[in-house]
Amino acid sequence: MGSPAVLGIDLGTSFCCAAIYRDKQVDIVPNGIGSRVTPSVVAFNGEKWLVGEAARMFGERHPERCIFEVKRLMGRSFLDPKLTQLKEVWPFEVLAAPGGGVLVRVPGASGNTKELFEPEEISATLLKEMKKIAENFSGGDTIKDAVITVPAYFNDSQREVTKKAGTLAGLNVLRLMNEPTAAAVAYGYQRLIGKAFAGKKIMVFDLGGGTFDVSIIAVREGGREECDFEVLAVEGESHLGGADFDHRLMRHVAAEFERQTKQSILTDRQARAMLRQAVISVKHALSFEEDADIELETRGVEFSMSIDRSAFESLNGDLFRKCIGVVEKVLRGAGIGKHEISEVVLAGGSTRIPKVRELLTKFFDGRRPLQTVQPDEVVAYGAAVQAGLLGSGLRNDDRPTIAISEITSLSIGVEVSLEEMHVIIPKGSPLPAKGAEGYVTVEDFQSKLTFKIYEGERALCRHNRYLGEFTQEGFLPSLANGRTVSQVAMEVNYDGILCATAEAKANHVEVGSKVECRTVLGKDNALAAAVPSHADPDWEAKDKALRATLLSRRNVQSLAWEIRENQFRKMSGAQKAEVNEVLKWLTSERQPAPKSVYDKKFSDLTRLKTRVRK
């Protein structure tokens, strides 16, 4: 009797795919109508939940009860500006949740007793369907253990709610796995990347329905016939994919519809749903044909237009170029040149778009990406292999021998003075990742410290993503002196989920006491709305200069504390006043002064310290 089946699930924006690992074999699971992928669509017909193609067809008649692209709502704030744009084209209703997140309204659901659902509840319905079709495929055996994939650039909040969705679906989520890594594992397990690649680097270009990731992965010689994979760098956009190409095309067609008919198609939910399906079909056709026709009939009006591939590419040209920009960025992050990449691996259905492959081929000087695995299935396949590594019921001799080493996709830290982001776990740290830093009271007679947690690469926290906060009280009121009073320790587990702890180290009523925070989406709407901001093309240079300024400021503050602590007894009243005035000025600041100002203050204090010593 073989080992029990374990499940790998690609919970995609546009489609879901499930694969099972059993007896050292991976099988992609077909759904009830024989398709190996299932539309990520959920609808309620008044009696029961529909999933996949049935939900999509029902949504053509009742678009307000049909939910799609729910992955784009997972772990997001209602105030996220990108959601504001999407709500204009979605036929279903998205509302603000009390905690600053989002809710989806499904009229008539659950017998009218409940109409508002968290995105993870909708995703759980999709995952339940994937679990069900996998169990049917495996002969009716119950499957509990699963690996669910997420975009490498998913943030902490998005990972938390994805894992919650798996639990709601009745799954034991063994791990959340980054989608590009899953794709690389799939290629390795199928011997398409084998020992011949040992010592080389591959790039996984994963462009799906709603997210985009690029990972650089080192291939190392593993045991037996498989290889080991070590992620070196990741970059991406958690809000870029095929759905964005669809929305551009929808607006283009809607403008032509209005020009011809003098009516707006976007104001009618049912007509908007028909338009969406029509442009998706055209997009797919344009991957194989040079042109395609859209034909619609709504409210007694017949409409048709032809769209050629060049028009589609022009509409989305900036998005395609953005993809190549991310490729350049991940190479910089890994510190390597494009000539050091031995193979480019494709994942995600949107990599079928000819322009995407053309731009990649051009970027890599004519070298074409590897195209031997179905891009819609490769992520689920790799997730199933990972599930085989982790499944509790599997014998050791039934497990794959591939080893996988992931990294953090974003830096994680806390806010210090003037909104500065103080990183504790840097981007690219191997998982599980740990870090700890000591913190001081910065104001005189301060009795508590509040730690606001952010993730991102910007110098100021307002430009990074807020994750949560916690407060440590009980410090004994005293003059600030720059000595560590609390240590914040952070740990990111294999799923990429964070736990933070603050331990009182000194000047506290109970030294050694701890407070803990598992991060959740911020309850304060203004903070929860904060998202990574890279709109300014010069942000990296500006942030570098800003960090240098803030370092100069910290040097001034530390020197002033040192003088007050060690030399006040030898100083005149005027000299003490000079030091106190600097500390008072620093405490009153609401934004940084120019670096030259801090440098002058530091020089003045240094001269004062020298005079007192003499």
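The legends below describe several close-up views of a predicted model.

In this predicted model, local features need pLDDT of at least 70 and side-chain atom pairs count only at pLDDT 80 or more, whereas totals for chains, interfaces and linings use all residues. Residues are numbered from 1 along each chain as its sequence is written, and side-chain values use heavy atoms, with hydrogens and water left out.

**View 1. The hairpin of strand 16 and strand 17.** Strand 16 (residues 291–298) pairs with strand 17 (residues 301–308) in the antiparallel sense over eight bridges, where strands are DSSP runs (E, at least two residues) numbered from the N terminus and two strands pair if DSSP finds at least two bridges between them. Two residues lie between the strands of this hairpin, and Arg299 in the turn has a positive phi of about 50 degrees. Within the pairing, Ile294 stands opposite Met305 of strand 17. In a regular strand the side chains alternate between the two faces of the sheet.

**View 2. Strand 13 and its parallel partner, strand 18.** Six of the seven residues of strand 13 (residues 201–207) are buried, and the strand is described as mostly covered. Strand 13 pairs in the parallel sense with strand 18 (residues 341–347) over six bridges, and Val204 stands opposite Val345 in strand 18.

View 3. Four bridges join strand 8 to strand 9 (residues 102–105), and Glu93 stands opposite Arg105 in strand 9.

**View 4. The aromatic pair of Phe245 and Phe320.** The structure holds 15 aromatic pairs, in which rings of Phe, Tyr and Trp (its six-membered ring) have their centres within 6.5 Å, with planes under 30 degrees apart counted as stacked, over 60 as edge-to-face and the rest as tilted. Phe245 and Phe320 form a tilted pair, at 5.0 Å centre to centre with 55 degrees between the planes. This pair links distant parts of the chain, with Phe245 in helix 6 (residues 242–261) and Phe320 in helix 9 (residues 317–334), 75 residues apart; helices are DSSP runs of H or I with at least four residues. Phe245 is buried, with a relative accessible area of 0%, and Phe320, at 3% relative accessibility, also counts as buried.

**View 5. Charged ends over the rings of Phe363 and Trp585.** The charged end of Lys338 sits over the ring of Phe363, 4.8 Å from its centre, and that of Lys601 sits over the ring of Trp585, 5.0 Å from its centre. A charge sits over a ring if NZ of Lys or CZ of Arg is within 6 Å of the ring centre and within 35 degrees of the ring normal.

**View 6. The largest cavity.** On a 1 Å grid over the protein atoms alone, a cavity is a set of points where a 1.4 Å probe fits but cannot get out, and a pocket is an open set with protein on both sides within 12 Å along at least five of seven lines; lining residues have an atom within 4 Å of a point. Grid points are joined across faces, edges and corners, and a volume is the space filled by probe spheres set on the points. The largest cavity has a volume of about 160 Å³ and is lined by 20 residues, of which Arg159, Thr408, Ser409, Val492 and Gly496 lie nearest its centre. Helix 4 (156–168) and strand 12 (172–178) each supply at least two residues of this lining, and the largest share, three residues, comes from strand 12.

**View 7. The second largest pocket.** This pocket has a volume of about 990 Å³, and of the 30 residues that line it, Glu415, Val416, Ser417, Leu418 and Val442 are the closest to its centre. The largest share of the lining, six residues, comes from helix 13.

Technical notes:
Buried < 20%, exposed > 50% of the residue type's maximum accessible area, 1.4 Å probe, protein only.
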